[in-house]
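Hi there,

Here is the structure I promised to pass along.

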Amino acid sequence: MYRTQLAAISAIGMLILSAPIVLADSGENYYMHGMGAGGWIFGPLMMILIIALIVGVVVLILRWMGITDGAGNRRDQALDILNERFARGEIDLEEFENRKRALNK
């Protein structure tokens, strides 16, 4: 479920953020209008930079929203499971404390 949400949000974000780039292209030959041969080098580099920036922003937004599952969430889930097992009486206090110390390292 999260993967489909992630894919949908990424696709929508890419479309929204790339629209100004597409609309700004007038189709003229930039080499003839003073950009020079540097346009062949800096154009692709700028596109890579813009795409990396867009992907980074989308990832940060998804992490802020809590959609992606980072390593911290896994540790919290493990502690929750450990607490539940202790509360149900499946493990004793000594085993609970040993496992909790191991998870907190």
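Below is what I found, going from the overall fold to two local features.

Please keep in mind that this is a predicted model. The protein chain has four helices and zero strands, so the order of elements from the N terminus is simply α-α-α-α. Of its 105 residues, 10% are buried. Among the contacts with a separation of 6 or more, 47% link residues 24 or more positions apart. The chain exposes about 8,600 Å², and 67% of that comes from carbon and sulfur atoms.

Helix H2 (residues 38-65) gives the largest share, with five residues. Ile9 lies in helix H1 (residues 2-24). With a relative accessible area of 31%, Ile9 is partly exposed; it can belong to the patch because patch residues need over 30%.

The other feature is an aromatic pair, and the structure holds one. Phe86 and Phe96 are stacked, at 4.5 Å centre to centre with 25° between the planes. Phe86 sits in helix H3 (residues 71-88) and Phe96 in helix H4 (residues 93-104), so the pair ties together parts that are ten residues apart in sequence.

How values were computed:
Residues numbered from 1 in each chain as written. Predicted model: local features only at pLDDT ≥ 70, side-chain atom pairs only at ≥ 80, totals over all residues. Heavy atoms only, no water. Helix = DSSP H or I, 4+ residues; strand = E, 2+ residues; numbered from the N terminus. Buried < 20%, exposed > 50% of the residue type's maximum accessible area, 1.4 Å probe, protein only. Contact = heavy atoms within 4.5 Å. Areas by Shrake-Rupley, 256 points an atom, 1.4 Å probe, with all protein chains shown as cover. Phe/Tyr/Trp six-rings, centres within 6.5 Å; stacked < 30°, edge-to-face > 60°.
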